[in-house]
Amino acid sequence: MKKIVLALTFLCSTIFAGTINIAVAANVSYAINDLIAEFNKTNPDTKVEVVLGSSGKFTTQIQNGAPFDIFMSADMKFPETLEKENLTSTKPVIYAQGSLAMLSIKPLDFSKGIALVANKSIEKIAIANPKTAPYGTAAIKALKNANLLEKIENKFVYAESISQAVTYAITAADVGFIAKSSLYDEKMSKYKENINWISVDPKLYTPIDQGIVVLKKAQNNKEAHAFYNFILSKEAKDIFLKFGYLVK
């Protein structure tokens, strides 16, 4: 009898267990493991599969039938586009607000703020592609509002995503515009504020409203909706705060 009970228990857990596939903006890569771990405390049988990349590219993939259940975008524009095309089962909702930082492994005079990018010693500036990455768009806006864009556009080294911009900033470029959240990753702890990085003045751009939606294919997927609700919970917001985001 005990074996039968154990078998039935395993069968039931298998029936209710499942995998959800999530398209996640690259800037969230540093927080996503903590978020999944917290989610799995109350949903231990749900496996969360994550694909990281640029929000613009994910939008194109979803429009072409990519099998994602949830889209965590780096802005609101892309999920709103998908909603208008009837490809979502929930309305786009803000889950966090992102902010920009400038990072360099070289000794730079960060007291100059964003203006330091105009120095002759700065030959390469890493930036996420503004056509597909909202953080790239925010960086362009900040530079434009600081009256610097036309002077330094020829220095840009474009990255496919904001996480790649971080890689470029510490390898191929003199300085890079990155998501501030990336600095809260353990591997980045050696880089110190005012020595290796500074926050970009938020007056130069609008903090980035990052949006989440459940996609059409998952409209009846309880596990996908459970993860969606978790991302909007206090527990998730506390994690986002820990990784340098703003939350509402």
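Residues are numbered from 1 along each chain as its sequence is written. In this predicted model, local features need pLDDT of at least 70 and side-chain atom pairs count only at pLDDT 80 or more, while totals for chains, interfaces and linings use all residues; side-chain values use heavy atoms, with hydrogens and water left out.

**Exercise 1. Work out where Asp 174 sits and what its side chain meets.**

Step 1: start with the chain position. Asp 174 falls in the loop between helix H7 (162-169) and strand S8 (175-179). Helices (H or I, at least four residues) and strands (E, at least two) are DSSP runs, numbered from the N terminus.

Step 2: check the cover. Asp 174 has a relative accessible area of 10%, so it is buried (under 20% relative accessible area; over 50% would be exposed and in between partly exposed, with a 1.4 Å probe and protein chains only).

Step 3: look for backbone partners. A polar atom of the Asp 174 side chain lies 2.7 Å from the backbone nitrogen of Glu 123. For the backbone nitrogen of Lys 124, the distance to a polar atom of that side chain is 2.9 Å.

Step 4: list the neighbours. Leaving out residues up to four places away in sequence, Asp 174 touches several residues (heavy atoms within 4.5 Å), among them Ser 104, Lys 106 and Leu 108.

**Exercise 2. Describe the aromatic pair of Phe 39 and Phe 227.**

Step 1: Rings of Phe, Tyr and Trp (its six-membered ring) pair if their centres lie within 6.5 Å; planes under 30 degrees apart count as stacked, over 60 as edge-to-face and the rest as tilted. That gives eight aromatic pairs.

Step 2: read off the geometry. Phe 39 and Phe 227 are edge-to-face, at 5.0 Å centre to centre and 80° between the planes.

**Exercise 3. Sum up the whole protein chain.**

Step 1: count the elements. There are nine helices and ten strands.

Step 2: take the extent. The C-alpha trace spans about 80 × 40 × 30 Å along its principal axes.

Step 3: finish with burial. Of the 248 residues, 49% count as buried.

Conventions:
A polar contact is a pair of N or O atoms within 3.5 Å; within protein, one must be able to donate a hydrogen and the other to accept it, and residues adjacent in sequence count only if both atoms are side-chain atoms.
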